[in-house]
Structures are given as structure tokens and as C-alpha cells.
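Work through the exercises below with the structure in view, and try each task before reading its solution.

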Amino acid sequence: MSAPLADLVIAGARLHGHDGLVDVVVEGETIAAAGPRAGDGRVAVRRIEARGGLVTPSFVEPHTHPDKSFSRSRIGEVGFADDLMRRQVALKAGFTVADVEERATRFFTLAAAQGIGLLRAQVDIDSITRLVSFEGVMRARERCRDLLDVHVTAFPQEGLMKDAAALDLLRVALRDGADCVSGWPNNENSKEDELAHLDLVFELSQEFGVPIDANIDYFTDPTERMLEPMAERTLALGMGGRVSANHVGALETYADADAARVIAKVAEAGVSVTICPTNLSSGTRYRGVSRPHELRAAGVNVTAGTGNFHDNWESFGNLDPADLARLAYHALGLSHVEGVDLVWEMLTVNAARALGTAAGSVAAGQPADLVVFEAADRTTIVRGFGGARTTVKRGRVVAGRTASSWVADLPAASA
Ligand SMILES: O=c1cc[nH]c(=O)[nH]1
């Protein structure tokens, strides 16, 4: 009898927290077996020799803006260096569908090469870009559908009350395939309008049966107070697990008793919180990283996201989850290598939960959405020495990166 054929065998890999090496056998889109010598006697269409490298479920990126990515170099053309909001309007006015598609495709392919298997993409929808950014991102998502899964979030960047065209455009995007609805209530002109904006986001969520992925209490400004009403609405509508609040910097500035009350409501409601570690340094105002430890202690699902990338809002980034993990590690004020597990969970298990799914594990029956690193352990990877990596999506080897450095010959070591 001939040996059973596997689609992929990853041989000699290391699992986090386990001694010894395992083989991972993949059939179709699923892990058929994972264990010591599980690949013995299996003929495989494709074989990866892991040589002791870590194999891990792929990463989940909960907060990005691919429509604006790779546009930073144009900022010289649009000016207004001191006013992010005006500058972004000028920048977006020049976007075309083909241009957004090209930049978003670059963004998604980079994400896949870095080991991201699922990503949430906020896309501006407003009277400036109308549906141009949405169409460009939808095309890019389609082109990259074998590389990674993308949840598109319809984001009324310029407001819902301030920008009268946005509501109808959001409805079109949600009808035409957007997976989530977003909002940024604090970006309205009055407290009443902020609440009206928040209510519209919940109404759209109910109308289209989609989760909410909104930017909430963005600046470190104690008058930004939308997280509490968001939690109350989530609770009232029984939407726990389907609502995410991004940034939440203002919580840092609340009096401790106020913060404790709001955090308890967020936990009870089941709202996830995504912090953006780059908010510590970018933009024209300090934006903070919320209160991740208190949120976690109360039972809130806390994750971390990249946010902006080479655009009006943020100059840097490489979409490497190892880099984001290190930024999150420092943003959380951690100082022990055990903290690496905490941030790794934020970028896998917790981020997946925020997106309404499960992160998976390297075990029989689980989806074959994996990353194989050259390095053997999480700490080495977060230190930036992960080496080459290979991304497996739905059982297929779809992307990866090499990592090499070199030096000229050294003199011999002293005796
Ligand atoms: O951080 C932010 C806030 C609004 N819009 C963005 O693109 N990024």
C-alpha cells in the first residue's frame, strides 16, 4: 500500500510551551495531525523543514487603515503640516480606486508575508473619498483572498452629523460587502452630536447585522466620554462580543473612581478594547494607551493594533507582529520576559476574539493558518531575531520573508 498523501508536512517544528519537536501534517485546509514524528511515512505535496523553528497560529491584526497606507510621501504635496484633519482631506481628495487598490494590495501582501492571517481594515467613507477608498480596498481584498482574510470596516472618518453625505454612503458600503460598521463620535461638534453619532452606529449595526469597530475617546482628554454610553448600548442590545473600542486614550485621564466605573461597565457589556502603542509618540497630541492593566484585570478583552501606517497620521510601521508585540510590551510597561506571552496573546487569541472568531491552535482538526519561524521561541522573535518566516493560509504556503545579515571576515578569536 502506498503512503497516505498529505498536502503539506511541516517537519521538526517547535510548539510554544512544549519540549521536543513535532511534525504538523496538513490535509486540505485543516491540520490532520500534530505531534512527534506525525509526518513519518507521509508523502507530502509540499514539505517544510522547520529545523526546530516555532510553528504558531497566524496573527490577527485588529486595527488598520490600508486605504491610506503608503500615502505619507504625498504629504509634501498637500501641506498643512500642523493640522491632521485638514491635511487628510487634501490627501484623500487625490485618491482614485486604482491607486487605493495598488496601495492596499501592497499592504495586504506585506501583512501576509509577516504572518498575519486575519486583519480588520477600517476604510474611510465620507463626502471626500465617497466610495473610492472602499472600492479600492474591496478590489485589493479580492486579489489577496488566498493570502489572508480581511474584514472591511466602513468608517465615517469625517463624522456622521458633520458630514451629511456619510450615512447614505455607509449604507451602500454595508449593502455591498463591508463586514463591520465604525464610527468616531468624538469627532463631532457637540456632545449631543457625539451621542447621535454613536446611536447611528448602533442603528446601522442592527440594520445590517454587523459588528461595531469604532474609534472611541481617542485623545487624552477627560471630556471625551463615549466609552461609557457605548458600553451601555452594547449591554442594552445584548451585543457583547460584537463591539470593539479602538484607542480609548481618554480613559487614562479620568479620575480613578470614574475610570473604575466605566471599566466595570465595559467588562459587563463584553466590549473589546484595542490599544494602539504608536499613539504614544505620533500625531500632534499625545494620545495615550488607555488603561490596559485595569481593563484586563476587570476581564475586558484587550488587544493591540497597528493603526495608521505610512500616512497622514503615522510615519512608520512594518506590519511585523513581532514589532507590534514589542511596542505593546513597552506601552504596557512590562519588564519581564513572561510579559512576552501576554502581548503575544493580545495579538492572537484576544485579537481573534475581538473579531468574533477563535485564534486556533496547532492541533489536529484546527485550521491550517500558521506561521513557521526560523527562531525557536517567542522571546527571540519579539527581540527581532525571528529570522525567516513562512506563512501558511488554508493549508497552502502563500507568503514569507527571509532575514539575513552579513559581516566581512573577522580576525581569528584570540587564543
Ligand atoms: O487614528 C486615526 C484616527 C482617525 N483616522 C485615522 O485614520 N486614524
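A polar contact is a pair of N or O atoms within 3.5 Å; within protein, one must be able to donate a hydrogen and the other to accept it, and residues adjacent in sequence count only if both atoms are side-chain atoms. The model is predicted, with local features needing pLDDT of at least 70 and side-chain atom pairs pLDDT 80 or more, while totals for chains, interfaces and linings use all residues. Residues are numbered from 1 along each chain as its sequence is written, and side-chain values use heavy atoms, without hydrogens and water.

**Exercise 1.** Find how far a polar side-chain atom of tyrosine 218 lies from an oxygen atom of the ligand, then continue with asparagine 308 and tryptophan 313.

*Solution.* Start at tyrosine 218, where a polar side-chain atom lies 2.4 Å from a ligand oxygen. Next, an N or O atom in the side chain of asparagine 308 is 2.7 Å from a nitrogen atom of the ligand. Finally, the side chain of tryptophan 313 has an N or O atom 3.4 Å from an oxygen atom of the ligand.

**Exercise 2.** Sort by class the residues in the shell around the ligand.

*Solution.* First list the residues with a heavy atom within 4 Å of the ligand; among them are His65, Lys68, Phe155, Trp184 and Arg287. Then apply the classes: Ala, Val, Leu, Ile, Met, Phe, Trp, Tyr, Cys and Pro are nonpolar, Asp, Glu, Lys and Arg charged, and the others, Gly among them, polar.
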